[in-house]
Amino acid sequence: MKLKTFKIGGVHPPENKMAASTPIEALAIPKRVSIPLSQHIGAPAVPVVKKGDDVKVGTLIAKGESFISANIHSSVSGRVFAIDTVTDTTGYKVKAVIIDVEGDVWDESIIRTPELAKEIKLEPADIVAKIKSSGIVGLGGACFPTHVKFMVPEGKKVDTLVINAVECEPYLTADHRIMLERTEEILVGIEIMKKALKVSRAIVGIEANKPDAIAKMEKVASDFPGTEIQPLKVQYPQGAEKQLIKAALNREVPSGKLPLDVGCVVNNVGTALAIYEAVQKNKPLFERVVTVTGKKIKRTANFLVRIGTPVEALVEAVGGIPEGTEKIVNGGPMMGKAVVSPEISVTKGTSGIIFFDKSEAKRKKVSNCIRCAKCVTVCAMGLQPYLLEKLAEKNNWEELEKLSVTDCIECGSCSYTCPSARPILDLIRLGKANVNRIRWERSKK
Amino acid sequence: MDGIILYSVISLGTVAAVSAIVLFVIAKKFKVEEDPRIDMIAELLPGANCGGCGYPGCRGLAEALVKAADAGSIAGMNCAPAGGEQMAKIGKALGLEVTALEPTVAVLLCGGTHEKAPKKTDYDGPSKCSIAHTVSCGDKGCPYGCLGLGDCVTVCAFGAMYMDEKTGLPVIIEEKCVSCGACVKACPRKLIEIRPQGRKSRRVWVNCRNTEKGATAMKVCKAACIGCGKCVKECPEKVQAITLDNFLAYIDPKKCIACGKCIVVCPTKAISATFEPPAPKPKPVEEPVKSEKKEEVKEQQQI
């Protein structure tokens, strides 16, 4: 049988999923955590604790006050040391709540029993409220506040819930592991989402390089009518919302529109688990699974990490930074960001920490574009990356806008495939930023 | 053979004559009446088409000036490259009184040289500040400082800037700078400010934009403003040109009298000037070394 996938573009980088067979293990709680107030897309959360306050695991420490924002909870118990600026992945300064850890006392409202809670007692509106108060954001990496996705505007109809279990980024295995180890909980989480959206159909898209996860999910899903498991051909960037909808449902999201416009809501499989824990166990989002991997590393790992743990702690747990490491990446190798210092902390969006040596990290020497059109072939959005790059180099923002540069999902397939090693995506990103700025200025007028 | 040449000359000549007549008639009939003053003003402008005035090129500004003059005033419109005197001439040509503006110059607000802010990471992406700024805080680790990739140098249409290889920072050549503001717009970190040239080119400014606490700022750059406030206290009571906000001092060029007292007290030497600061209060022993260093700094600034 031919496996489904999206129709245009895509690449297949070496998978390198070395950590796939390593079970999830809980990482020891560090002595101090710094929890950034802006771990999501949208306005930063406003702190509700002050220096010297005692907090428990799960205590609300910052409130998301605007429409697109998310609550933030303490991941440890202890005392607030300071609310200060810390360095984020890219080296810029962000506000964070720094907590000194004392013991591990959980908030009384969190149910810590391991039994599966299958019965969904809450009504749809209450589920959405619970998701909002638990500070759940999309755990695929973009960190869009999840509750916003469930507020379907009037006039729009949703018929299918799409669960993103693709994990198309090479190296990463966090989603793979939770599908194997927390299968029932994920499927109950999907039931909760179906109830909140009032839909009866859910499709879970899993790439074919995870046969064990597909088998396990299929076996358990037979108890949950309306939830289908859809194996997909391995193809990057299938984990992008629009590509996944095309692959699983053969629906095309038009330019500038949302999945809602074609009757879909897409959520990550990690988010499904977080929603289960929030709704059934009253546990806010304060920990996540992070893959720590690399070719030269002593051992690969999938850690269950408290948010705010310094990356240093993860590095130590796998035996230190391997020799010859040139670059540490936060996230996947295709879309992740280079870490400026291991002092940075794990946030809700940290899906992996990957170590690269010189051969993988260094950019190749840039040469002239030879018009081979490989970038055009692999662009999953049907754009013309070579042309966008040239126009961005010439600061021709008007023309870039006409060529739909803002449709670019920044997957990086063009830069990956370019035989001349041109910095295509870097320049497209610059173009996108400028087009967005121009549009914003225009809307102000 | 002769016939061919003759026929060609006659036929082509006829075509040319007819075309000339048609073009002449059209040019006369559909002539666009244009104010002759526009051409005149455009000639008075530098013709660099830098866009610093906000209009599309020098002719765009000339048209706008004529239009504004008809409305009564050209106040607020200025061509920085032309300079105050030339603007006064333009005003005169348009029959208006224009008071010459104080001459200004672009000033870099970062002292993060290779020596003061050593590189901590490697950046091997495209050599553009605008891109490096979106990727990370830069190889020096300072999210406020100069990235040293020279976007400002690239946009300067007057050759008034160059990158100093030794320091890794751009240098502004005062004589050539016309303060068009192109570099101000090009810098993703807003590190270039247009400041008054000052009397006898005497200027003092805080050479930093880091708004972090002293300790955090010093971690990445030894020349950072740590917000200690010593300069604020040193500034003469009648002047009070220095304000401290978010651990960063700012010298108001309109108030500053360029006495140079603040330069001496700054513990990180984050205050720069175009002149030799007054001799520091006598106390440290390693004095001669210090003053040598200062001279070096001064020289670099004046290039």
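Accessible areas come from the Shrake-Rupley method with a 1.4 Å probe, and for residues only the protein chains shown count as cover. By this method chain B has an accessible surface of about 17600 Å², and 58% of this surface belongs to carbon and sulfur atoms. The structure is a predicted model, in which local features need pLDDT of at least 70 and side-chain atom pairs count only at pLDDT 80 or more, while totals for chains, interfaces and linings use all residues. Residues are numbered from 1 along each chain as its sequence is written, chains are lettered from A and ligands numbered from 1 in the order in which they are written, and side-chain values use heavy atoms, with hydrogens and water left out.

Chain B contains 11 helices and eight strands; helices (H or I, at least four residues) and strands (E, at least two) are DSSP runs, numbered from the N terminus. The radius of gyration, taken over C-alpha atoms, is set against a globule rule of 2.2 Å times the number of residues to the power 0.38. For chain B the value is 27 Å, whereas a compact globule of 303 residues would have one near 19 Å. Along the principal axes, the C-alpha atoms of chain B fill a box of roughly 100 × 50 × 30 Å. Of the 303 residues in chain B, 40% are buried, where buried means under 20% relative accessible area, exposed over 50%, and partly exposed in between (1.4 Å probe, protein chains only). Contact means heavy atoms within 4.5 Å. Among the contacts in chain B with a separation of 6 or more, 57% are between residues 24 or more positions apart.

One residue of chain B was examined in detail. B:Glu193 is part of strand β4, which covers residues 192–196. B:Glu193 counts as buried because its relative accessibility is 18%. Apart from neighbours within four places in sequence, B:Glu193 is in contact with B:Val105, B:Ala106, B:Val107, B:Leu109 and B:Tyr250. B:Leu23, 170 residues from B:Glu193 along the chain, has its C-alpha atom 52 Å from that of B:Glu193.

Chain A has 14 helices and 17 strands. The C-alpha trace of chain A spans about 65 × 55 × 50 Å along its principal axes. In chain A, buried residues account for 56% of the 445 residues. Of the contacts in chain A between residues at least 6 apart in sequence, 73% join residues at least 24 apart. Chain A exposes about 19300 Å², with 53% supplied by carbon and sulfur atoms.

A:Asn436 is located in helix α14 of chain A, residues 424–444. With a relative accessibility of 40%, A:Asn436 counts as partly exposed. The C-alpha atoms of A:Asn436 and A:Glu401 are 8.9 Å apart, and the two residues are separated by 35 residues along the chain.

The contact between the chains takes 17 residues from chain A and 18 residues from chain B. Together the two chains bury about 1500 Å², 56% of it on carbon and sulfur atoms; buried area is the accessible area (1.4 Å probe) that two parts lose on being put together, summed over both. On the side of chain A, the residues that lose the most area to chain B are A:Tyr92, A:Lys93 and A:Leu430, together 36% of what that side buries.
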